[in-house]
Amino acid sequence: MTDMRGAAIRLSSVTKRYSEHQPPVVNDVCLEIAAGEFITLLGPSGSGKSTTLNMIAGFEQLTAGDILIDGVSVASLPPYKRGLGMVFQHYALFPHMTIAQNVAFPLQQRKMRKRDIQRRVDDVLDLVGLAHLRDRLPGQISGGQAQRVALARAVVFEPHVLLMDEPLGALDKKLREQLQGEIARMHRELGITFIFVTHDQEEALALSDRIAVFEGGRIEQVGTAQELYARPASLFAAEFLGESNVFHGMITERRGRVSLVGEGFEVLTDDGRAGLVGTAGVVVVRPERIRLTVGDVAVEHDVNAMTATVTHIVYQGSYRKVAFRTDAGTTGSAREPAGAESSAMPGDRVTLCWRVGDGVIVPAQSVPVVGLPGDALVESTS
Amino acid sequence: MPISSTPIMSASAPERPVRRLLWLSARPWYGVLLVVPAVCLLATVFAYPVAALIWLSFADPSLGLENYHRLLTDGVSLLVLLRTLRMATIVTLVTLLLAYPYAYLMTLVGRRARSVMVALVLLPFWTSLMARTFAWIVLLQDNGPINDLLAMVGLGPLELAGTEAGVTIGMTQVLLPFMTLPLYGTLRTIDRRLLDAAIGLGARPLTAFRRVYLPLSMPGVVAGAMMVYILALGFYVTPAMLGSPSESMISQLMTVRITQLLDFGAGGALATVLFLLTLLLLALVSRFLSPSAALGMSTRGER
């Protein structure tokens, strides 16, 4: 199975609307997926990620826009002509067929010779380590095994793209982590394009080359896990992936620097997005970027400082979470790694410090974005 | 009302059924008492007459296989038996062809439309069998509405009343619910996402239906077909009223032998043969059904 390669996929203004009177379920989604890429569509339920996947698969018709696979429009093709592998949320194994028959099914649809089918089925069952279960029925194997069979069945015909709709949603945490490892391994070994839908941010961070964050039928942001975490493009993206301290205010420009002026405080950043100046905005600071010092400290250059009161502390083993309320009224938390804790205790007056480069400015309202592969940052179309 | 009565009631009420359940499970053989009334009833009104009839088929007028010998050689019984089997087969196939799309549609429509469809299936049960059969006599006669309609399109008149065709039409209508309901019961348990999965894996919609949906619907098909076939074998009223004596079915022949000729032995032999045929059919089907039934369970298990 070394001759497999991925296909590039382009979603161009893809829109899905079930009724004229309701807002679209998927609204003007643009996304370019590179050949061989592992991309995750991440979002809460109802954000349009599954509908988008179903439109790529062909189970849902597009209301507007187009989907191109390797430059060819597939929007009007039925699912069975698109040649995509698909893993369903609840496995969808055929209960009346054995494991081997299930895996052979897509090959039979492609009119392959019996002997070749048998060889390929054996190969792919070896790949997922289930050769010994080939004559069992789906009702006689465990959930994790069923998910591996579903994976095997989806890739046995060497598709250029594999679509996965919350494939690990029904499994317990330990099995989920184990299967994540197997999915990552399959992606490396097969070299085909993986499109993975999940609402689990940890799963997305662990698996993906890039993540597209969905909200309200739109893509909020596309980028690598590091980009999304370090430079969230919207408040939603910041809060959906990881924890954030959020400061609300007006974005202004002062001494050549973009800063945020809130009620009773000002936050400096080195964020270069001058286009947001003059609008309501938000500065996002990740908890591990904030350093706590009990009492007052001399403020260094290029560091934001804010006085606050510690409200409570939560131990998490490898770190502790210090929750605070600033004098201006913003609540948030700092994360202190074990061995580097401050002496702050609940009720203490502390100074919060973070470097200006650690704060990210995002608009108070979200804007649609266009994601291109390899983009360091997303470009705003509005 | 004193307020205190409420807590006392609620405290004791849930305990009682639990205690009773324990009482039953501690002495499981007490549960046998529950089926005693049904067993008594069946023994007197079903088992005894059947046993008596079977006994008569060997003992009346004299002990031996005389009645069965006559059944095979009188030239009528065997013919009627074969006709009955043929009619039952045709009726079963026709009801299956009519019921499958209907039951399939029932799984697709919304809840309100489905209640209407269920009501339409059950409607015949709320109407007397005699009334429906008389209605068919009116509809099917040589100058009845059906033949008028056929004549308008240049196809008539067809001889329907008093023929096998008429009997088949009437029996199909009467037996349709017995096919539709078990079929719907099975079809609604089939996960339609399996069809999506098949189509996504490269199967055309018709292939997906044939390879995935149809096999999963077989338990319902077999259950419905068995029910209709067995009921059709012993059908009396409709063939008696819509058919003709020269094309009678086995139950009519039995009635004639027993009530008109008072030949209990010959009637008993026919009844015994019908009984054995039904048992044989049940045995065959239960062998064929059991693996499929197990599959039907595994479909549900996956949910």
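Predicted model: local features only at pLDDT ≥ 70, side-chain atom pairs only at ≥ 80, totals over all residues.
Residues are numbered from 1 along each chain as its sequence is written, and chains are lettered from A in the order in which they are written. Local features need pLDDT of at least 70, side-chain atom pairs count only at pLDDT 80 or more, and side-chain values use heavy atoms.

Begin with the rings: a search of the whole structure finds twelve aromatic pairs over all chains (Phe, Tyr or Trp ring centres within 6.5 Å, Trp by its six-membered ring). Select F236(A) and F240(A), a stacked pair (planes under 30 degrees apart) with 5.4 Å centre to centre and 15 degrees between the planes. Both residues belong to helix α8 (residues 235-240) of chain A, four residues apart. Helices here are DSSP runs (H or I, at least four residues) numbered from the N terminus.

Next, select Y100(B), Y104(B), F209(B) and Y213(B), which form one aromatic cluster.

R335(A) lies over the face of Y319(A), at 4.0 Å from the ring centre.

Finally, select helix α4 (residues 143-155) and helix α5 (residues 173-190) of chain A, whose axes, fitted to C-alpha atoms over the stretch in contact, are 11 Å apart at an angle of about 15 degrees (on a scale from 0 to 180 degrees between N-to-C directions). α4(A) is therefore roughly parallel to α5(A) (under 35 degrees). Contact residues (heavy atoms within 4.5 Å) include L151(A) of α4(A) and I183(A) of α5(A).

Key:
Phe/Tyr/Trp six-rings, centres within 6.5 Å; stacked < 30°, edge-to-face > 60°. Helix = DSSP H or I, 4+ residues; strand = E, 2+ residues; numbered from the N terminus. Lys NZ or Arg CZ within 6 Å of the ring centre and 35° of its normal. Parallel < 35°, antiparallel > 145°, perpendicular 65-115°, else oblique.
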